[in-house]
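Notebook open, coordinates loaded. I want to go through the ring pairs, then the sheet, then the core.

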Amino acid sequence: MLLQDGDFEQLVNGLPNNTYTVSFYYEKQSDVASASIVLNSVEYQLGDSGQFKQAIEINTNALDLILRCSIEDGYKIYDLMCNVGLEALVWSQHPDEIATDTVNISKGIAITSTTTNATFKANADGIRIVNKANN
């Protein structure tokens, strides 16, 4: 995701109290950009590029994560993950991501019609309807 000017916040309630590790990779997209991450009110500054990894003890059954950036499209963030334990795990798709004969949700969405000759596709390249007979 590209961080925008301001704050992007995600509050997760109902977490079992435990130690969690938040991790992601980041790349600065502009020389004038600055960015940080705030985990339950503790702020960490991001450098030019690299991997962020921080263990956090949750004792309120909640994690409040804020990604903060100074300009539009200032930083690219990818492989964002939160896992139980003191070590960051390698990012992988969740086992509950959907893949059936007609629907595939993973790195985009593809829905194939069972009554027409068309497939709906939405991913980083855009949104489109593809005619299966002639693309």
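**Aromatic pairs.** I counted the ring pairs in this predicted model and got five aromatic pairs. I opened up Tyr25 and Tyr78: their ring centres are 5.7 Å apart and their planes sit at 15 degrees, so I logged the pair as stacked, the cut-off being under 30 degrees. This pair ties together distant parts of the chain, since Tyr25 is in strand β2 and Tyr78 in strand β7, 53 residues apart.

Phe24, Tyr26, Tyr44, Phe52 and Tyr75 make up one aromatic cluster.

**Sheet.** Next I traced the strands. Three of them form an open sheet in the order β5-β2-β7, and the pairing is antiparallel. Which strands stand at the edges? They are β5 (49–58) and β7 (75–84); each has a single partner strand, so one side of each has no neighbour in the sheet. From one strand to the next I get an average twist of 15 degrees.

I followed β2 (residues 18–28) along β5 and found ten bridges, running in the antiparallel sense. Phe24 has Phe52 in β5 as its bridge partner, and both residues belong to the aromatic cluster above.

**Thr21.** I stopped at this residue of strand β2. Thr21 has 2% relative accessibility, so I put it down as buried, the limit being under 20%. Where does its side chain reach? I found it 2.6 Å from the backbone oxygen of Gly85. Leaving out neighbours within four places in sequence, I listed the contacts of Thr21, among them Gln54, Ala55, Met81, Cys82, Asn83 and Gly85. Leu86, Glu87 and Ala88 are also in contact with Thr21.

I took Ile37 as my example. Not counting residues up to four places away in sequence, Ile37 touches Val22, Phe24, Val42, Glu43, Tyr44, Phe52, Leu65, Ile66 and Leu67.

Notes: Residues numbered from 1 in each chain as written. Predicted model: local features only at pLDDT ≥ 70, side-chain atom pairs only at ≥ 80, totals over all residues. Heavy atoms only, no water. Pairing = 2+ DSSP bridges. Helix = DSSP H or I, 4+ residues; strand = E, 2+ residues; numbered from the N terminus. Axes fitted to C-alpha atoms, helices over the stretch in contact; angles between N-to-C directions. Buried < 20%, exposed > 50% of the residue type's maximum accessible area, 1.4 Å probe, protein only. Polar contact = N/O pair within 3.5 Å; in protein donor to acceptor, adjacent residues only side chain to side chain. Contact = heavy atoms within 4.5 Å. Phe/Tyr/Trp six-rings, centres within 6.5 Å; stacked < 30°, edge-to-face > 60°.
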